[in-house]
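Reader: Before I plan anything around this model, I would like to go through the terms used to describe it and hear what stands behind each of them. Could we look at it together?

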Amino acid sequence: MKTTLTAIVLALGATAAFAGPSCTVPQEKWMKEADFKAMVEKQGYQIKTFKVSKGKCYEIYGMDKAGQKVEIYFDPATGAELERK
């Protein structure tokens with residue numbers, strides 16, 4: 001029983017480790033997607049994939065100025081970077 005409980009706790013912890021941040025800003029306050037993408041590209045990022053994450057944040061996959069792959073979560077209202085993987 002103790003082993004099963006430990007396995008469940010570890011599995012849940014591993015799932016949480018892969019989850020991105022959560023954004024609680026009401027959708028009517030979000031930046032327009034086109035404006036957000038233009039802002040990020042102006043900063044030197046090349047966007048390969050853009051999406052709204054499960055946590056309701058803007059998320060991009062692409063390349064930074066140095067050509068390194070990035071996965072970044074942004075606040076959809078301000079465009080502030082929240083987390084980089």
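Author: The chain has 2 helices and 4 strands, and along the sequence they follow the pattern α-α-β-β-β-β. Please keep in mind that this is a predicted model, in which 28% of the 85 residues of the chain count as buried.

Reader: How do you know that Phe50 counts as buried?

Author: Its relative accessibility is 17%, and the term buried is kept for values under 20%, so Phe50 falls on the buried side of the cut-off. Leaving aside neighbours within four places in sequence, Phe50 is in contact with Glu33, Phe36, Lys37, Tyr58, Glu59 and Ile60.

Reader: What makes Met31 buried or exposed, given that Met31 lies in the loop between helix H1 and H2?

Author: Met31 has a relative accessibility of 19%, and because the limit for buried is under 20%, Met31 counts as buried. Beyond its neighbours within four places in sequence, Met31 is in contact with Phe36, Met39, Tyr58, Pro76, Ala77, Thr78 and Gly79. As for Gly79, the two C-alpha atoms are 7.5 Å apart in space, while Met31 and Gly79 are 48 residues apart in sequence.

Reader: Why is the pair of Phe36 and Tyr58 called tilted?

Author: Of the 5 aromatic pairs in the structure, the one between Phe36 and Tyr58 has ring centres 4.8 Å apart and planes at 50 degrees. Planes under 30 degrees apart would count as stacked and those over 60 as edge-to-face, so an angle of 50 degrees makes this pair tilted. The pair links distant parts of the chain, with Phe36 in helix H2 and Tyr58 in strand S2, 22 residues apart. Phe36 and Tyr58 are both buried, and the relative accessible area of Tyr58 is 1%.

Reader: What makes the pair of Phe50 and Tyr58 edge-to-face?

Author: Here the planes are 65 degrees apart, with 5.0 Å from centre to centre; because planes over 60 degrees apart count as edge-to-face, the pair of Phe50 and Tyr58 takes that name. Ring pairs also link Trp30, Phe36, Phe50, Tyr58 and Phe74 into a cluster.

Reader: How do the residues of the lining of the largest pocket divide into nonpolar, polar and charged?

Author: They divide into 5 nonpolar, 4 polar and 3 charged, and the lining includes Pro21, Lys51, Glu59 and Tyr73. S1 and S2 each supply at least two residues of this lining, and the volume of the largest pocket is about 170 Å³.

Key:
Residues numbered from 1 in each chain as written. Predicted model: local features only at pLDDT ≥ 70, side-chain atom pairs only at ≥ 80, totals over all residues. Heavy atoms only, no water. Contact = heavy atoms within 4.5 Å. Phe/Tyr/Trp six-rings, centres within 6.5 Å; stacked < 30°, edge-to-face > 60°. Buried < 20%, exposed > 50% of the residue type's maximum accessible area, 1.4 Å probe, protein only. 1 Å grid on protein atoms, 1.4 Å probe; cavity = no way out; pocket = protein on both sides within 12 Å on 5 of 7 lines; lining within 4 Å. Points joined across faces, edges and corners; volume = space filled by probe spheres on them. Nonpolar A, V, L, I, M, F, W, Y, C, P; charged D, E, K, R; others polar.
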